[in-house]
Amino acid sequence: MVSPAFKSLDVRLRYLSSNLPPAPATPGRLTDVEKDTVAAYAVMTSAACEQFMEDRCIQIADDAVKLYNDKSKINRVAKHLCLLPFVEVTKHEKDFATLTAVIGSPGFGIAMSKAFKTSAAVEIADVLNAGYKRYKQAVNRNHGIAFKYQLKLLAMIGVDINAFDPTFKSRIEQLSALRGEAAHRSIVAATTIPALADLPIWTTDLIVGYKSLDKVLSKLRNIAT
């Protein structure tokens, strides 16, 4: 079952796509009004996707911290929050690629023995809540949906971002690039604007991808390591 947040995203993305102008008879020949409509689609679609990702990440982190504070049960998300928010994510492209192959992978986790959980319960609570605070700050400072931003938000709580469907990853990068152009230029360059017939396909691919991510996030609640 999908989350209410995803249902809202689904409705929003379909609405934004429905307001796109029809594809012109001559591809690449767009009026200024049509270009503005595409720019608005890019900015608003990106904003909707970004908000969904941020809201869901915080919700999953909230649940993990509450589970530990209320019932002393620590899941995969909480274990990651004990460490990863304190780690600076590299900006070096090669190191970043190496990091993404490990962080978030199902085989990678934070180990805690039963004896340690019992003997260091107070210390675990302290570091978990400190990490949670840092994580919320990272989410609040997030400004995009590009792959590099997703590592910070998703991998920090145990999501394998390399498991994303390649088409979904491609759409995220394309939307991010178009959104950047639309947000920082008064007129989007004609060479940057994709074919209008392709944008509804972008929307469909984004909906499918975020639905899959939504399910992954929900499953994290029940993963212990």
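Q: Which side chain does R221 meet in a salt bridge?
A: R221 pairs with D63, at 2.7 Å, N to O. A salt bridge here is a side-chain nitrogen of Lys or Arg within 4 Å of a carboxyl oxygen of Asp or Glu. This is a predicted model, where local features need pLDDT of at least 70, side-chain atom pairs count only at pLDDT 80 or more, and totals for chains, interfaces and linings use all residues. Residues are numbered from 1 along each chain as its sequence is written, and side-chain values use heavy atoms, with hydrogens and water left out.

Q: Where do R221 and D63 sit in the chain?
A: R221 is in the segment after α9 (199–220) and D63 is in helix α2 (residues 32–71). The pair links distant parts of the chain, 158 residues apart. Helices are DSSP runs (H or I, at least four residues), numbered from the N terminus.

Q: Is R221 buried, exposed or partly exposed?
A: R221 is partly exposed, with a relative accessible area of 31%. D63 is partly exposed too, at 30%. Buried means under 20% relative accessible area, exposed over 50%, and partly exposed in between (1.4 Å probe, protein chains only).

Q: How many salt bridges does the structure hold?
A: Five. Among them is D205 with R171, at 2.7 Å, N to O. D205 lies in helix α9 and R171 in helix α8, so this pair ties together parts 34 residues apart in sequence. D205 counts as buried at 18% relative accessibility, and R171 does at 16%.

Q: What about D10 and R14?
A: Their side chains also meet in a salt bridge, at 2.5 Å, N to O. D10 and R14 are separated by about one helical turn because they are four residues apart in helix α1 (residues 4–18).

Q: Switching topic, how many disulfides?
A: Zero, where a disulfide is a pair of cysteine sulfur atoms within 2.5 Å. For C49, the nearest cysteine sulfur is that of C57, 13 Å away. C49 is buried, with a relative accessible area of 0%.

Q: And what lines the largest cavity?
A: F147, F164, K169, I172 and E173. Three of the lining residues come from helix α8 (residues 166–184), the largest share. A cavity is a set of points on a 1 Å grid over the protein atoms alone where a 1.4 Å probe fits but cannot get out, and lining residues have an atom within 4 Å of a point.

Q: What is its volume?
A: The largest cavity has about 30 Å³, counted as the space filled by probe spheres set on the points, with grid points joined across faces, edges and corners.

Terms used
1 Å grid on protein atoms, 1.4 Å probe; cavity = no way out; pocket = protein on both sides within 12 Å on 5 of 7 lines; lining within 4 Å. Helix = DSSP H or I, 4+ residues; strand = E, 2+ residues; numbered from the N terminus.
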